[in-house]
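Visitor: I have a structure to go through with you. Could we look at the helices and then at the interior?
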Amino acid sequence: MSTSPFPQNTILEDESILLRPLQETDVENLLEISLNEPETWEYSLVQANGKENLENYIKLALKARENKTEFPFIVFDKKSGKYAGSTRFYDINLAFKTLQLGYTWYGKDFRGTGLNKRCKFLLLEFAFETLGMERVEFRADNNNKRSIAAMKSIGCTVEGVMRNHMPTLGNDLRRDSIILSILRNEWFDSVKENLKNKLS
């Protein structure tokens with residue numbers, strides 16, 4: 001297994017938000033969203049609704065970090081003084097200089113506030129400018145219109161749809177997954193500046 005490029009204390013922040021490594025004790029920080037907003041995980045295979053599911057969600061994320069295939073963050077909103085949700089890098093492939101950005105969710109109070117764009121700016125800046133990635137990929141259930149719109153708004157290019165790609169939770173239906181990406185040259189040529197201009 002390759003060495004993780006992430007120092008254990010990797011922190012990304014601006015004047016409004018802070019992303020720090022997810023910890024086991026963050027169950028308490030995210031429990032309010034978990035208990036009161038179960039619809040947050042409507043399109044997710046790994047649910048975090050309810051304390052038991054949230055504990056399992058965090059445990060799986062930390063195990064993946066130990067295995068150096070993922071790096072999960074908790075998102076703190078400085079304006080409200082509250083924890084907003086979680087996001088992570090995953091499928092990290094240092095040899096190919098690629099990774100995926102996802103497992104992103106926020107409480108409803110933080111959606112549409114500009115917080116997601118700020119998070120993505122910090123994460124993409126880190127991926128391309130610190131880690132030296134050539135490609136950052138994003139995936140979503142092709143029915144998850146809100147998530148797809150958010151990815152397009154930060155500058156992602158749609159590459160296509162993988163049909164019948166993976167199972168969905170609790171039934172026999174399989175989902176189509178939409179694939180989007182940002183390439184290194186696109187980040188420096190236009191995406192970074194355009195996204196920066198959208199930060200509120």
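Visitor: At what angle do the axes of helix 1 and helix 2 cross?
Guide: This is a predicted model. In it, the axes of helix 1 and helix 2 (residues 51-66) cross at roughly 130 degrees and come within 9 Å. Helix 1 is therefore oblique to helix 2.

Visitor: And is that crossing left-handed or right-handed?
Guide: The crossing of helix 1 and helix 2 is right-handed.

Visitor: Which residues meet there?
Guide: From helix 1, Asp26, Val27, Glu28, Leu30, Leu31, Ser34 and Leu35 take part; they meet Lys51, Leu54, Glu55 and Ile58 of helix 2. By type, the residues of this contact are 6 nonpolar, 1 polar and 4 charged.

Visitor: Is aspartate 26 buried or exposed?
Guide: Aspartate 26 counts as buried because its relative accessibility is 0%, under the 20% limit. It lies in helix 1 (residues 26-36). Leaving out residues up to four places away in sequence, aspartate 26 touches Arg20, Pro21, Ile58 and Ile74.

Visitor: What is phenylalanine 138 in contact with?
Guide: Setting aside neighbours within four places in sequence, phenylalanine 138 is in contact with residues including Leu101, Lys120, Leu124, Met151 and Ile154. Cys156 and Ser181 are also among its contacts.

Technical notes
Residues numbered from 1 in each chain as written. Predicted model: local features only at pLDDT ≥ 70, side-chain atom pairs only at ≥ 80, totals over all residues. Heavy atoms only, no water. Contact = heavy atoms within 4.5 Å. Helix = DSSP H or I, 4+ residues; strand = E, 2+ residues; numbered from the N terminus. Buried < 20%, exposed > 50% of the residue type's maximum accessible area, 1.4 Å probe, protein only. Axes fitted to C-alpha atoms, helices over the stretch in contact; angles between N-to-C directions. Parallel < 35°, antiparallel > 145°, perpendicular 65-115°, else oblique. Left-handed = near helix turned anticlockwise from the far one by under 90°. Nonpolar A, V, L, I, M, F, W, Y, C, P; charged D, E, K, R; others polar.
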